[in-house]
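Please look over the protein shown below.

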Amino acid sequence: MIKPFEKPIYVTKPFLPPLEEFRQGLEEIWETRWLTNNGPILQRFTQELCDFFETDNICLFNNGTLALQIALQGMGISGEVITTPFTFVATTHALFWNKIRPVFVDIEPDYYTLDPEKVEAAITPWTTAILAVHVYGHPCKLNALADIARRHNLKLIYDAAHVFGVKVGNKSIADFGDLSMFSFHATKSFHSLEGGMLIFRETGLKGVFDYLKNFGFKNEFEVVMPGTNAKMNEIQALMGIQVLKYLDEIIQKRAKINDLYRHLLKEVPGIRLVPALSPTVRQNHAYMPIEVDEQEFGMSSDALYEKLKQWNVHSRRYFYPLVCDYACYRNVSVKDPLTVARRVADRLLTLPIYDSLELSEVETICEIIMSLHLENGG
Ligand SMILES: *Cc1c(COP(=O)(O)O)cnc(C)c1O
């Protein structure tokens with residue numbers, strides 16, 4: 001008999017640096033009393049990220065959603081943008097706030113990213129950009145999307161909220177497309193409490209983004225555009241600097257957890273794992289998605305989600321429902337039948353994965369899943 005976990009196992013648990021390290025950083029802030037508005041720690045964090053990503057075209061924000069909203073505004077995107085319904089709702093909200101019409105098209109069945117063929121089929125004279133999501137940390141079909149964007153003269157924008165630390169060959173994931181938005185929210189594999197970042201190709205955008213995130217101020221007396229307030233503060237930047245130091249360690253631990261899950265779950269009938277990524281991809285293991293085949297496994301993903309809770313294991317149904325099925329987007333006309341996205345949203349569960357999750361806990365979670373299969377379908 002497998003006993004339920006005494007403490008809840010959530011889908012994620014944020015990494016925190018040693019408290020003493022953080023306290024030392026806070027002392028500097030107490031000394032200078034510089035809390036926000038492009039302070040010294042923010043400048044240091046920005047420089048470290050410039051070194052990490054080997055580019056100066058970086059702008060930091062208080063969260064990823066506002067970063068993406070500002071990106072679309074600063075780039076002058078309008079009309080229609082082709083995007084995925086299989087994402088966190090903020091991807092679409094960023095379009096809405098810019099009065100852009102989202103055109104939802106289907107995803108591919110292996111890694112759940114935008115299907116390039118469906119993208120191409122959805123282009124109209126009003127299309128100005130593609131907004132794709134590297135969902136769960138899986139790189140999109142980079143070459144195919146770049147090719148479509150080039151041939152149709154569209155901007156290619158990536159919601160890169162899940163892919164901090166991912167590399168393709170010897171390139172950073174941020175080297176693809178015109179712009180990438182990263183989220184440093186506490187639940188992401190890299191975080192700064194909350195935070196967001198844009199990395200972009202066109203150097204000229206930097207000034208625009210800097211204005212837009214700071215009310216449009218050019219100097220004390222001049223406001224050059226109706227900006228908003230989306231600045232990252234000093235405590236966020238401090239957390240970011242300190243978590244960045246541990247990034248490799250965090251990713252290595254997540255990789256071990258991912259390996260163990262894959263090893264133990266591959267034998268469970270009705271549990272489908274994402275196919276191995278190309279060995280040229282350096283992954284960050286941001287999420288641990290599984291697809292549940294109700295017939296073969298013996299219960300639906302929803303039933304498994306509920307059952308796991310009885311063992312104090314809190315998986316998530318990311319991303320159910322699809323964004324286009326939320327009440328606020330139900331009036332958006334969707335021409336694509338979204339066959340794959342609907343099937344995946346019905347079957348997908350993301351299991352707990354975070355650096356401090358013990359391998360023995362992963363073993364127990366997998367034993368619970370196997371026992372549920374044996375009871376219900378085996
Ligand atoms: C987390 C997330 C966002 C939003 O980022 P915040 O920093 O929380 O505003 C956007 N898109 C995706 C895919 C996300 O997972």
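Strand E1 (residues 58-61) is covered on both faces. Ile-58 and Leu-60 lie on one side, Cys-59 and Phe-61 on the other, and all are buried. Buried means under 20% relative accessible area, exposed over 50%, and partly exposed in between, with a 1.4 Å probe and protein chains only. Helices (H or I, at least four residues) and strands (E, at least two) are DSSP runs, numbered from the N terminus.

E1 runs antiparallel to strand E9 (residues 196-200), and 4 bridges join them. Two strands pair if DSSP finds at least two bridges between them. Within this pairing, Gly-196 in E9 stands opposite Phe-61.

## Basis of the model

This is a predicted model: local features need pLDDT of at least 70, side-chain atom pairs count only at pLDDT 80 or more, and totals for chains, interfaces and linings use all residues. Residues are numbered from 1 along each chain as its sequence is written, and side-chain values use heavy atoms, with hydrogens and water left out.

## Overall fold

The protein has 13 helices and 13 strands. Its radius of gyration is 21 Å, close to the 21 Å that the globule rule gives for 378 residues, so the protein is as compact as a globular protein of that length. That radius is taken over C-alpha atoms, and the globule rule is 2.2 Å times the number of residues to the power 0.38. The C-alpha trace spans about 70 × 55 × 40 Å along its principal axes.

Of the 378 residues, 54% are buried.

## Surface and charge

The accessible surface comes to about 17600 Å². Carbon and sulfur atoms account for 52% of this surface. Areas come from the Shrake-Rupley method with a 1.4 Å probe; for residues, only the protein chains shown count as cover.

There are 38 positive and 46 negative side chains. Lys and Arg count as positive and Asp and Glu as negative, while His and the chain ends are not counted. The centres of the two sets lie 3 Å apart. Each charge is placed at NZ of Lys, CZ of Arg, CG of Asp or CD of Glu.

## Enclosed strand E12

Strand E12 covers residues 288-292. Here 5 of the 5 residues are buried, so the strand is largely enclosed by the rest of the structure. Met-288, Ile-290 and Val-292 point one way. Pro-289 and Glu-291 point the other way.

E12 has antiparallel pairings with two strands named here. With strand E10 (residues 271-273), the pairing runs over 3 bridges. Leu-273 stands opposite Ile-290. With strand E13 (residues 348-351), there are 4 bridges. Thr-350 in E13 is the bridge partner of Pro-289.

## Enclosed helix H8

Helix H8 (residues 234-244) has 10 of its 11 residues buried, so it is largely enclosed by the rest of the structure. The buried set includes Glu-234, Gln-236, Leu-238, Met-239 and Ile-241. Which helices do the buried residues of H8 pack against? They pack against helix H1 (19-32), helix H2 (40-53) and helix H9 (247-265).

## The loop between H11 and H12

Several sites fall in the loop between helix H11 (301-310) and helix H12 (339-347), including Asp-336. At 14% relative accessibility, Asp-336 counts as buried. Leaving out residues up to four places away in sequence, Asp-336 touches Phe-104, Val-105, Asp-106 and Lys-118. Its C-alpha atom is separated by 38 Å from that of Glu-375, 39 residues apart along the chain.

This loop also holds Phe-319 and Pro-321. The peptide bond from Tyr-318 to Phe-319 is cis, with omega near 0 degrees. The bond from Tyr-320 to Pro-321 is cis too, with omega near -5 degrees.

## Positive phi sites

Asn-312 also sits in the loop between H11 and H12. Its phi is near 70 degrees, a positive value in a residue other than glycine. Asn-312 counts as buried, at 17% relative accessibility.

His-285 lies in the loop between strand E11 (281-282) and E12. His-285 is not a glycine, yet has a positive phi of about 50 degrees. With 10% relative accessibility, His-285 counts as buried.

Notes:
Contact means heavy atoms within 4.5 Å.
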